[in-house]
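Reader: I'd like to go through this structure with you and ask where the labels come from. Can we take it one step at a time?

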Amino acid sequence: MPTAMEIFKLLPKKNCGECKFPTCLAFAMQLANQKAKLEDCPYVSEQAKATLAASAAPPIRLVKVGTGANAIEIGDETEMYRHEKKFFHPTAYAFIISDTSNDSEVKARVEKAHSLKFERVGQLMKMDMIGVRCDSGDLKRFTKVVSDVAALTELPLVLICNDPVKMKAAASNIAAKVPLLHCATSSNATEMAAVAKELKCPLVVYEDRGLNELADLVAKVKAAGVEDIVLDFGARNLKELLERSTIIRKISVKKIFRGLGYPIYVHAGSGEEAVLRGLISTMKYGSVVAFDDIDPATALPLYVLRQNIYTDPQVPIQVKPDLYAINNPNEKSPLLFTTNFSLTYFTVLADIEKSKIPVWLQVIDTEGLSVMTAFAAGKLTPEMVAKAIDASGAKEKSRRGEIIIPGMVARMSSKLQELTGLKVIVGPKESSGLPKLLKSLD
Amino acid sequence: MVEVPIPKEKWTGKIGTTVIGAVAEEGGTRAKKVVIGGQSCMPFLSFEAPILNRPAIAGEVVDTLRDYPPLARKAFGDVVEDPVQWAKAWVEKYGVDLICLKLYSTNPEEENKSPQEAADLVRKILAAVPVPLVVYGCGHEEKDAKVMEAVSNAGSKERLLLGHAEESAYKSIAAASMANNHALIAFSNLDINLAKQINILLTDFGVRKENIVADPLMASLGMGLEYSYSVNERIRLAALMGDSMLQVPMVCDTTIAWKAREATEENESLGDIEVRAAWWEATTGLAALISGADMLIMRSPKAVQIIKKAINELLGGA
């Protein structure tokens, strides 16, 4: 964003007050803080509008790939560290299919990409894109596989081919699906940019020699009329991956250096190396990570890391308030309660599961606050617990006439006993003490 | 040619170093010391400043298998029955930099082993392996005071890293560390202010800063990792910006990863359970490193192998 003084220079300096601010300088200061809109000034020139609009563009361009419900948005990030506000557009994972695969293999690969999905705390975690790579060197084959894959999936596509002629042939058939084209290089940039411009598709710019060379190539592609650019710096190892991604992010959001203000694409490959690249890129500024293959056993931790890193730091992940049956309880099983803060819930859950003792766990809606914080803030009261237990029918599920409460809220014992008619057992302060307590019951 | 600016941050602070282990000329018997910390940039950003000390890895050894996951045991086979053999396997087969011994069997509510027995085990492990040793008690405040005193004496010239001091209980372990010039772990519960507070308490008590390693509590992947990740980053940023009370190296215990259900759940659709558990721990460890950890305490040899490879590459090796 430009400073107030830079904006002020572009204003008419009439101090007319029609923008509802007493002076043009005051208006400029509000604009700089994004608390006013330029349109509020009736006298601002077209040229000033254009200048300011360009400088107000996000430091990292928002790029869209695909269409419809599965379309993905990448870029448009503003922070270096997730605690500063949040990271907005999660890293997208792509699963690549080679066009040397035969038709049934292609189908199986699409199915594998679709099958790499898990549900977790109410969110669906999955592969976001499918890539088709031209390894055959054959225009007809590449075109056919691209069309076949496009027919088999709703996911956005990445088309990977260095030859602009083949790329154009394959992409033309499916241009309406807005695939990401990979890639423009120093040897094909003009022709590849022409394809991307004509088909209105976002384009990856690839340059592995260094960031100066990459910025040069980006400028060339931009000059050829392509706006939706994605960067691939061809990292040779994790050090380059982490450092180059960090440099690009930092100069873009802190220095507003626009030459590299675009999302980052990383080819991860396959095996352990690929997972490590995926993990580093997920934490540090990767927007698309493409896998030649990935195993469910490593895809799951990768997805969960993404879910963790892209959580809004001001809104903790919450668990649905409900009565949870753990270890197959029956009516003789004890009843416990905890809060719906995911960290609390998962810790308590793990400790109960470890004990192997069946229990009913009532999760109270504390708006994602932990036991102590919720109690202190009045968001975990005996009344709320009693109400939740009534609503879930917990007293019919566990007929012991008892409820185990977290040790931290021992103070609510008598009131809770009075409200529910249940005998209150004060549990441990740390949930790690739960197995011992549960084993000591009857 | 476009000149891309390299955004070097002008940090005013620097992380201090902590030495663990003592070699012959210092009266110890370790083959090599481990030095952690010393960084003057955010993790692995060598364009800002040279990375002086590579992150260290400690292999976990527990003296009772009471709460030890059977799946983790599989990786070692029978050696886990004997902490000494276990420690040797870590060093000889998996090349860890240190051993982290957790004396859970001293818990008075469980096996209740005596401080003397604990000290004997420490001596045996020191005799069996050439690497430095991290030693934790069982978490029972009164018992730990006695156990750690005995441990401190048993390794008197070896410069152990003793775990851990926390706000409500730090004096006895601080005394145990000061008595024989050991380093100690300052534990805090997922909060930058608490991390600072325990360091202040320790230094006020007389513990020198170069003897402190901070443990801000690493949460497992899927169980609050994001909080830890941000707490670690905030601690490291504050230290680099000049907060001297946070300028100590950081240790993260990634064995916590084994607590997450998804890490070890029997469920075919989630993929091979051994691969998954190892990656669950490795992912937790990698997040710890990227957010600021200078040392990891680890359980799975496979996860250790993954992390060693990652560290090598992050430092520019092949």
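Reader: How many helices and strands does chain B have?

Author: Chain B has 10 helices and 10 strands. Keep in mind that this is a predicted model.

Reader: What makes the radius of gyration of chain B agree with a compact globule?

Author: A compact globule with 318 residues would have a radius near 20 Å, and chain B has 19 Å, so the two agree. Along its principal axes, the C-alpha trace of chain B spans about 70 × 55 × 35 Å.

Reader: What percentage of the residues in chain B is buried?

Author: Buried residues make up 59% of the 318 in chain B. To be called buried, a residue needs a relative accessible area under 20%.

Reader: Which residues have the most contacts inside the largest nonpolar core?

Author: They are A:L159, A:L260, B:I99, B:L202 and B:L286, in a core of 199 residues. Helix α9 of chain B, residues 273-291, gives the most to this core, with 10 residues. Apart from that core lies another one, of 20 residues, including A:A388 and A:M412.

Reader: Why is A:P296 called partly exposed?

Author: The relative accessible area of A:P296 is 24%. A:P296 lies in helix α11 of chain A, residues 296-309. Setting aside neighbours within four places in sequence, A:P296 is in contact with residues of chain A and chain B, among them A:L116 and B:L270. A:P296 and A:L116 are 180 residues apart in sequence, yet 6.3 Å apart in space, C-alpha to C-alpha.

Reader: Which residues does the cis peptide bond with omega near 15 degrees join?

Author: That bond runs from A:H182 to A:C183, and A:C183 is in strand β8 of chain A. In chain B, a cis peptide bond joins B:G163 and B:H164, with omega about -20 degrees. Most peptide bonds are trans.

Methods
Residues are numbered from 1 along each chain as its sequence is written. Chains are lettered from A and ligands numbered from 1 in the order in which they are written. This is a predicted model: local features need pLDDT of at least 70, side-chain atom pairs count only at pLDDT 80 or more; totals for chains, interfaces and linings use all residues. Side-chain values use heavy atoms; hydrogens and water are left out. Helices (H or I, at least four residues) and strands (E, at least two) are DSSP runs, numbered from the N terminus. The radius of gyration is taken over C-alpha atoms; the globule rule is 2.2 Å times the number of residues to the power 0.38. Buried means under 20% relative accessible area, exposed over 50%, partly exposed in between (1.4 Å probe, protein chains only). A nonpolar core is a set of buried Ala, Val, Leu, Ile, Met, Phe, Trp, Tyr and Cys residues joined through side-chain atoms within 4.5 Å. Contact means heavy atoms within 4.5 Å.
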